[in-house]
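The sequence and the model are shown first.

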Amino acid sequence: MPQPELLETFANPYAGRDYEIAMECAEFTSLCPLGGAESDAAELRALAGGAPDFGTIRIRYVPDTLCLELKSLKLYLWSFRNEGIFYERAVNRILDDLAAAARPRWMEVVGDFNVRGGIKSVVTAHIGARPGLEEQRSAPVRQRP
């Protein structure tokens, strides 16, 4: 079961400045919640969900007063290893847990999952407005001479 209590934070040393932190976990693992593949279903009954799912989790955020501590983030992401969970739920759960711990100005979590059954899935979830984006949208577009 995912363990958000593992997440630790530290004081943002540049809390007065907007800057982005990007992290990537290329070894994310969880279990398919619906069971195993047809040919190996008997062997996979021992697992809580089913066949393992693999993917890369990318996290980007603009911190406010707190930053996420990396070792605790690693341990938290590893806590999904034996969880039967859909991709969409995993990505949104990670976003909710990280946002609750760090209370960022903006955060995005992308789950880029390996091909399964011939289908590649990429799930993106975010909270808040990314600093600087509103200024870019409202800036006038320059016409070419």
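## Contacts and overall fold

Among the contacts in the protein chain with a separation of 6 or more, 71% are between residues 24 or more positions apart, a contact being defined by heavy atoms within 4.5 Å. This is a predicted model, in which local features need pLDDT of at least 70 and side-chain atom pairs count only at pLDDT 80 or more, while totals for chains, interfaces and linings use all residues. Residues are numbered from 1 along each chain as its sequence is written, and side-chain values use heavy atoms, with hydrogens and water left out.

The protein chain contains four helices and six strands, arranged along the sequence in the pattern β-β-α-β-β-α-α-β-β-α; helices (H or I, at least four residues) and strands (E, at least two) are DSSP runs, numbered from the N terminus. Of its 145 residues, 39% are buried, where buried means under 20% relative accessible area, exposed over 50%, and partly exposed in between, with a 1.4 Å probe and protein chains only. The protein chain exposes about 9,000 Å², of which carbon and sulfur atoms supply 52%, the areas coming from the Shrake-Rupley method with a 1.4 Å probe and, for residues, only the protein chains shown counting as cover.

## The largest nonpolar core

In soluble globular proteins, nonpolar side chains tend to be buried together. The largest nonpolar core here has 28 residues, and I94 and L98 touch the most other members; such a core is a set of buried Ala, Val, Leu, Ile, Met, Phe, Trp, Tyr and Cys residues joined through side-chain atoms within 4.5 Å. Two or more residues of this core come from each of β2 (21–31), β3 (52–62), β4 (66–68), α2 (70–78), α3 (87–102), β5 (106–116) and β6 (119–127), with α3 giving the largest share, eight residues.

Leaving out residues up to four places away in sequence, I94 touches F28, I57, Y76, L77, F80 and V109.

## Packing of α2 and α3

Two packed helices are described by the angle between their axes and the distance between the axes. For α2 and α3 the angle is about 145 degrees and the axes are 12 Å apart, the axes being lines fitted to C-alpha atoms, for helices over the stretch in contact, with angles running from 0 to 180 degrees between N-to-C directions. At this pair, L73, Y76 and L77 of α2 meet R93, I94, D97 and L98 of α3.

## Residues in the loops

N12, in the loop between β1 (9–11) and β2, is buried, with a relative accessible area of 7%. Its side chain makes a polar contact of 2.6 Å with the side chain of Y19 (a pair of N or O atoms within 3.5 Å; within protein, one must be able to donate a hydrogen and the other to accept it, and residues adjacent in sequence count only if both atoms are side-chain atoms). A polar atom of the N12 side chain also lies 2.9 Å from the backbone nitrogen of Y14. Beyond its neighbours within four places in sequence, N12 is in contact with Y19, P63, D64, T65, L66 and C67.

The loop between α2 and α3 holds S79, which is buried at a relative accessible area of 11% and whose side chain reaches the backbone nitrogen of Q3 at 3.0 Å. R81 is found in the loop between α2 and α3 and is partly exposed, with a relative accessible area of 38%. The C-alpha atoms of R81 and S30 are separated by 4.4 Å, although these residues are 51 residues apart along the chain.
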